[in-house]
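Open the model in your viewer and keep the selection panel at hand. The stops below go chain by chain, with a short note at each.

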Amino acid sequence: MSALERLTSDHAKAATGYFALLARWNIWEVLFWLALAGMYFVPNVDLVLMSQIFIWGLFAMSLDILLGYRGIPSLGHAAFFGVGAYVAGYCGKFGWTEPISALVLAMAIAAIVGWLTGKLVQRVTGVGLLMVTLGLNLILYDLVHRSTDLTGGDDGLQGVTIAPVFGLFRFDIFGRTAFWYALIMAFLLFAVARAVVKSPFGLALLGARENPRRMIMLGAPVEGDVSRAFALGAALAGAAGALLTQTTQFVSPNTLSFQRSADVLVILIIGGTGRLYGGFVGALVFLILRDWLAAISPVYWYFWIGLLLVIVVSFFRKGLLPSVEALINRWKPSKAEEPSQRVPPA
Amino acid sequence: MNDMVLETRAILETRDLHMAFGGLVIFDCMNFALRRGERHAIIGPNGAGKTTFVSLVTGLLKPKSGNVFLDGRIITNDTPQQRVKAGMVRTFQINSLFKALNPLESVVLALLERDNKARLSLRSVSAETELIDEAMALLTQFDLARDAYGLTEALPYGKQRLLEIVLAVALRPKLLLLDEPAAGLSTQQGHEVFSQLAHLSKDTAILFIEHDMNLVFRYADVVSVFAAGALVMQDTPENVRKSPRVREVYLGN
Amino acid sequence: MKIALSLLAAVSVVVLSGFNPSGSSAQAQDTVKIGILQSYSGITSLGGQQTDSTIKLFMKKYGDTAGGKKIELVRRDTTGPNPEVAKRLVQEVVTREKVQLLIGPDFTPNTLAAAPILMEAKVPSFVTGAATTGIVGEKSKYSTRTFFAVPQLCKPLAAYAVKNGWKRVFVAVADFAPGHDCEKYFIEALKEASGTLAGNLRIPVSNPEFSGYMQRIRDAKPDALFIFMPIGELSIGILRAVNDSGLKASGIKIMGTGDITDETYIDAVGDAALGTITTGIYSTQHDSALNKEFVKDYVALNGAKPRIGWGAIATWDAMRMTYDALNAQAGAKFDPEKFVSYIHGRSFESPRGPITIDKTNGDIVQNIYIRRVDKVNGVLENVEIETLKNVGFK
Amino acid sequence: MSSILTVLFNGIAYGFLLFIMSVGLSVTLGMMNFVNLAQASFSMFGGYVMVTAMQSFGVPFLASLPIVFIVIGALSIVVERLIFRHFYNTDDLTQVLLTIGLVFMSIAIATYFWGGTYQRIDMPSWLTGQRAVLGLTLETYRIFLIAIGAAMAIILVLGLERTQLGAMVRACVDNRRVAGACGLNTDLIFALTFAIGGGLAGLGGALSANLLGLDPNFPLRYLVYLLIIVSVGGMGTISGTLIAGLALGIADVMGKYYFPQFGGFVIYVLTVACMLWRPHGLLGRQT
């Protein structure tokens, strides 16, 4: 094995160091989460709006796993969000009021639905994939919407009671518990997603996004990975749905509407795919802008949201985060850049 | 075929393989055998069915009839993944690499897939220190260490060609199939590639399609000549070089 | 994960605190803040516009102070039946804008989502756009409904049909929660009135095509067809389909709740609506001096388009009760308990006719009118042909 | 027996309506490989142009149709030159997002100019009511729809798939560079194709406004139906869109007549099944 002996030790250390650097939490990430937590102490901040931003951010991140890291677009991601929301709703309605365990159950069931969807869409690509995911979403919406005795239909599930978190923190009307519960859950699930994306599986997803044929020739179970990616994405989306149900103690069919699937896609594109943070940044921008626009021009705010989307798609196709980063990189080039960010899937 | 002696048993064998695209028959009844550790070249004019043969053997194409055996086991209906796990690895005529991953990541990914460590997990890639070391060793061996962190897309064609081969070698194959490995390389680089391949462990069989005759005659133990979907001749490089039939096949009578 | 990340977070901190729509001014003693939570955008934007026009008219006639307190309005867009947005807005106007009263939120899911907050914060609210039974009462003690409850409109037509000799009735409802409620009440009432059910259909809410259903109804050969559809393209679609498919011409009486011939949409249906018999809580044709004055003033201030619908009258009565209740506790600090106890149990004459707010659960008892669509000097109107006095909400 | 025939007739009429509404999209999506969801907004503006022409300018219904075709055709050329031509080689997702943005903007523009209410549409008297045809009483407007739909189908199948213009368009789509190299003015042809696609969409909106109701939210309500027809029918073939439109139209009406409790989601189930079975649509070319 002469090749190995010729190996100089510094080469090896540099290589492991490279991957360690990619995995390590850098200062800006910590600052970002501290800034979000800091929002709580800003005077006159709308805590409920913030908790819904965390929930939308988590939801957009779950789509980023599929779109940013595996290159699978979906026009029906709200289906998994709705599954999670209704599972948490049923738990609250039939006595399982402890929120965290209900959240885990919601994630598990959403993961199963995601895994099955993955099996279904393995061989479909392009417009066909958009149509199949859209079709599945509409079928689920129609079923939930019509079975009024089971789901309360259009009026939503009534009688959902959520116990205080750890028996201590009640979901008060000022949204304090909702803020912390949503933020901490979003952060924990973000950390899990970050670990998965930095793990070998994350690398395998990127490989399959770049060149599925080559992955087959490495012996990788590409289609099995699609189902696993869908299961992971669906579990996180289901968690976001459960968080919404638990922080609002209510669930209705619009948790899995086409509008929500379109909004989450818009949010992710605004933020930027392939870096997990795109979802949260996109949610911050989109929700604050929509809330502010709806206040100043109630009838015509659709126009400005539409214009924002056209501008982002035309000039910031990589999303706000990468564009701002590219701007900054011009003065201070960074050493290690995440593989997922280098060549955007588009 | 059952009188084969164990150690010279064929690592790869095809028995009356038949392949056609619609009406166009590619192979009528192709019988082929490759012994363990053998360095075997396939030559022949364009359209002789060389690349189709490799695609059939590696499972990208399904034969109309006949069987393919790997290490004595029938693999005709195995999926490409199963064949790779069984030790049969190929490279592509046109580079097929990971644009956004750099060479180091690409090789580490290949090693992770080889040891089936790329499934759902929370441990970071950096925890796989031995695989990373092995990847770096391979890159160094093929003189790609300096380009380990650059974008694959930005690599010159020759280095991309080398990376293609490193990805295949990384899987420690029993049988390595190379589709014109030296294509697009200078003769000096071509020799470099083949000398690296020669260093591979003795029990790795290599089957390669090549047009550059002096590469073939220098590095191959056995040469097969394909023409119009038939195995015209299979012999040592010298005999093939001298044989009038080979000249006739190339230049036409 | 460059500086970009926390840069964007910092920007949003500024945006959030700086730009929130209206800073919460200190709660002056002599003002009453009323939150208006209606839908101003999307598919249901007419609801919001109608509420604003009505409040503008009311404050023009009765001034912007009541019980010595200045009225201040805080407007928010619920963007349609969207409980997630509605709950957030209610929480915002209650906890940060410190509103003391609420008109809305519209739609049943929004009302249900807001109920726990209004209960805990003791903010009286008026339900001016949600009809499902049981959304006022013990679950939301501080709410008062000035709209209508589904059974109020769905039951009377059964007895009316049988009385007119139309024994065999076919029921077609929209396939969503209020539709299922209405179907249940109508079929019960039909059985009580010993009519026979010729058949029933549930039509999907997102459905542009009715011809398959029309053929099914024609095959059943009923005397009358009872329809329940939400306001909007479904009502327009089914009335046109009933007309175009010749069902109406074949003598089948077309009946339904007033939603399908609501004034704001009836012009888009056109003459296909003529002759449709509906139950309703209000029509601009209502024959009372109070109503004539209301309609004249409304059109004078807000113009003829969009026309006055039920949302307007529900908001008008809500403002009426607000001003009366505030005047009743003039001089004192606003007391929600007194406000609600003053309103619940009260009866008074509204432009729609006499109404009573039930003492125990704040739901509405009101006259229900049988109306027929006729042309009144060239304009399609719901002409009241029979009055059912003080119909309860059960 | 007569009810089955009437239901079939209504199904065919609804099929032609779906075809008329989505053929514009199949032209842009199929032949130009551009996912233009804003086609539904072109349909809406087609309806509004017809309503304005009829009510403000007293133009009779039939005369308003060519006006709609020309006005919306011109509008789509402007939008194509301004926006779409920069996105021809982007991926499907980018085009979907871009056009969803345009749909949102079109809703607000329509609300601003024509208000939020439903438009009043008065058909000429000879088009309303029923007519006895072969013993069946059929709706006159639906007969008119079938006639116009069939005419459009014939013109388009012959016009785009059999003529020189059609060949030029397909050449440009398949390989813009090479087509340009052999002297085809690709910009002109792309703009022209978009004009035809847009004009057809406008016509679709005008013809369906009477049945489906016209208000600023028209695009959001019918966007999904357009996508279903075109993807099931096969990207790029007029005949594919026609067959898909008729099949789904008849299936929808028959479904509602025979098993009404399943109602709406028959169409969605059919779509998903079809997309899985033939991802490129019934007659779609294997791109």
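How many helices and how many strands does chain D have? Chain D has 11 helices and two strands, where helices (H or I, at least four residues) and strands (E, at least two) are DSSP runs numbered from the N terminus. Before going further, note that this is a predicted model, in which local features need pLDDT of at least 70 and side-chain atom pairs count only at pLDDT 80 or more, while totals for chains, interfaces and linings use all residues. Residues are numbered from 1 along each chain as its sequence is written, and chains are lettered from A and ligands numbered from 1 in the order in which they are written.

**Stop 1: chain D**

Select chain D and colour it from the N terminus on; the elements run α-α-α-α-β-β-α-α-α-α-α-α-α. The C-alpha trace of chain D spans about 60 × 45 × 35 Å along its principal axes. For 287 residues, a compact globule would have a radius of gyration near 19 Å, and the 19 Å of chain D agrees with that. The radius is taken over C-alpha atoms, and the globule rule is 2.2 Å times the number of residues to the power 0.38.

**Stop 2**

Ala, Val, Leu, Ile, Met, Phe, Trp, Tyr, Cys and Pro count as nonpolar, Asp, Glu, Lys and Arg as charged, and the others, Gly among them, as polar.

**Stop 3: chain C**

Select chain C, which has 13 helices and 15 strands. Six of its strands form an open sheet of mixed pairing, in the order β2-β3-β1-β4-β5-β6; two strands pair if DSSP finds at least two bridges between them. The edge strands, each pairing on one side only, are β2 (65-66) and β6 (143-145) of chain C. Zoom in on β2(C): two bridges join it to the antiparallel strand β3 (residues 69-77) of chain C. C:Ala66 stands opposite C:Lys69 in β3(C).

**Stop 4: chain B**

Chain B has no contact with chain C, and their closest C-alpha atoms lie 18 Å apart. No contact joins chain B and chain D either, with the closest C-alpha atoms 17 Å apart.

Within chain B, select strand β1 (residues 10-21) and strand β2 (residues 24-35), which run antiparallel and are joined by eight bridges. B:Leu17 has B:Met30 of β2(B) as its bridge partner. The hairpin has two residues between the strands, and B:Gly22 takes a positive phi near 60° there.

Finish with helix α3 (residues 103-114) and helix α4 (residues 129-141) of chain B, whose axes come within 9 Å and cross at roughly 125°. Axes are lines fitted to C-alpha atoms, for helices over the stretch in contact, and angles run from 0 to 180 degrees between N-to-C directions. Residues to show in this contact include B:Leu104 and B:Leu111 of α3(B) and B:Leu131 and B:Leu138 of α4(B). The contact of α3(B) with α4(B) has 11 nonpolar, no polar and one charged residues.

How values were computed
Two residues are in contact if their C-beta atoms, placed from the backbone, lie within 7 Å.
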